[in-house]
Structures are given as structure tokens and as C-alpha cells.
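Please look over the sequence and the model below before reading on. The text then goes from the overall fold to single side chains.

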Amino acid sequence: METRKSHKVQGRPRAFDIDEALEQALQMFWRKGYLGTSLTDLTEAMGINRPSLYATFGNKETLFRKVLDRYSDRQTAYLREALEEPTARRVIERMMYGVVDLLTNPCNPSKCLFALSMLSCRDPDDPLHQELAERRVLGEIAIRDRFERALSEGDLPSDIDPATLARFVVTVNFGMSVQAASGASRAQLLEVVQTALRACRI
């Protein structure tokens, strides 16, 4: 009597590396911005077709949100790490010098993905604009909270408002991104940092 071997039906394996595809999407959005990046740009950079993009990452907006998370976790992790510095001045230095390093790294586009996206997605009714604004606010709140702790520890002068100082730091960081995107050199950005540190009076 013939015995038949049973074979499990296996799903079709993915023909691409998800992590690498996401990295290529990040690089494309980083260079061209959300609005400037087309689906064709993405599929060509990621090496996949549109059905695969939709099936794995969702639509363009969903993919961009994943890219923002990746950018935050990898390229701008120094912003979170800076909050662990022992003094408010060290926090600010770590953040601002980190921004300069990011913007002037020859392996990166000379711009901040987040700032570029904020400038391009300006419609207040756009859900993506709202999410970008929320992320910016949450980042500023984290810095403010750190400065409030510094104030309570006597690390900041009593006449400095933590919320205003946090807003100043975020504004300088965003401004340097705009400067770098329009051709400012590393030396020029470092001069901005030095001027900003003097203005902080800490």
C-alpha cells in the first residue's frame, strides 16, 4: 500500500528585507520630504512594488509614521540621552552639538527630517501635521520637565523660566536645521551654538 507524505503548505517568503526597505524609505523621505516623495520614489528606493509596500507598511502616511519612529530611535536618540546629563547646561550642549553632528555628517542629508516635514505639512487640518505638532510639543515638554528639575535642584538661576528655556532650545535646534539645509557650514553652526549658550546665561 502506497503511503503519501503530507507536506505543509507554506506561505510565500518575503522577497525583501523589511528593515532595509524601511531604511531606504527613511533616506528618501529625509532627502525629499514627505510631500516631495512620491510612491514611485519609494518603491524604487525600497526595491519593492506597490502591492508589497501596501501589504507590509500600509499607505504612504503610515509608512512615514514608521520612518519617523525609526528616525527618532536612531538618528536623534541623542536628544533623549541628553536629558540624562547631570546639569542643565550639559543637557543643552549635548542637544545642540548633537544637532550639528547630525546635520553635518556627510552620510546624512544636511537637514532634519522632522523639521523639514513640519515646514512642508503646514495644513492644520492635516492629521499628519497634527501628529508632527504633537511630537514636537511632547519633545519640548520633556525638555521643560528636565529644566524644572534643574531649577528645583538649584542648577538654574531662579529668574529663568523652564518652559521659555525649553522653547528657546527647540527653536535654536530647528533654526540650525533650516540654516544647514540652505548651506550653512559646520563652523557656522558651531558659532550659533556658542552664541546660544552665552544667551542662556547658565
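This is a predicted model: local features need pLDDT of at least 70, side-chain atom pairs count only at pLDDT 80 or more; totals for chains, interfaces and linings use all residues.

Residues are numbered from 1 along each chain as its sequence is written, and side-chain values use heavy atoms, with hydrogens and water left out.

The chain has 10 helices and 0 strands; helices (H or I, at least four residues) and strands (E, at least two) are DSSP runs, numbered from the N terminus. The C-alpha atoms fill a box of roughly 90 × 40 × 35 Å along the principal axes. The radius of gyration of the chain is 22 Å, whereas a compact globule of 202 residues would have one near 17 Å. That radius is taken over C-alpha atoms, and the globule rule is 2.2 Å times the number of residues to the power 0.38. Of the 202 residues, 40% count as buried, where buried means under 20% relative accessible area, exposed over 50% and partly exposed in between (1.4 Å probe, protein chains only). Contacts are heavy atoms within 4.5 Å. Among contacts between residues at least 6 apart in sequence, 65% join residues at least 24 apart.

The largest nonpolar core holds 58 residues. Such a core is a set of buried Ala, Val, Leu, Ile, Met, Phe, Trp, Tyr and Cys residues joined through side-chain atoms within 4.5 Å. Leu 42, Met 46, Leu 63, Phe 147 and Met 176 touch the most other members. Helix α6 (residues 88-104) gives the most to this core, with 9 residues. What does Phe 147 touch, not counting residues up to four places away in sequence? Its partners are Ala 88, Val 91, Ile 92, Leu 156, Pro 162, Leu 165, Ala 166 and Val 169. In soluble globular proteins, nonpolar side chains tend to be buried together.

Aromatic rings come next. Rings of Phe, Tyr and Trp (its six-membered ring) pair if their centres lie within 6.5 Å; planes under 30 degrees apart count as stacked, over 60 as edge-to-face and the rest as tilted. By this rule there are 5 aromatic pairs. Phe 29 and Phe 64 are edge-to-face, because their ring centres are 4.9 Å apart and their planes stand at 70°. Phe 29 lies in helix α1 (residues 18-36) and Phe 64 in helix α4 (residues 60-73), so the pair ties together parts that are 35 residues apart in sequence. Both Phe 29 and Phe 64 are buried.

Phe 114 and Phe 174 also form an edge-to-face pair, since their centres are 6.0 Å apart and their planes are at 85°. This pair joins helix α7 (residues 113-120), which holds Phe 114, to helix α9 (residues 162-181), which holds Phe 174. Phe 114 is buried at 13% relative accessibility, while Phe 174 is partly exposed at 24%.

Ring pairs also link Phe 29, Tyr 34 and Phe 64 into a cluster. The charged end of Lys 60 sits over the ring of Tyr 34, 4.5 Å from its centre; this requires NZ of Lys or CZ of Arg within 6 Å of the ring centre and within 35 degrees of the ring normal.

Is Arg 70 buried or exposed? Arg 70, found in helix α4, is buried, with a relative accessible area of 7%. Not counting residues up to four places away in sequence, Arg 70 touches Asp 19, Leu 22, Glu 23, Leu 26 and Gln 75. By contrast, Arg 201 is exposed at 53% and lies in the segment after α10 (186-200).
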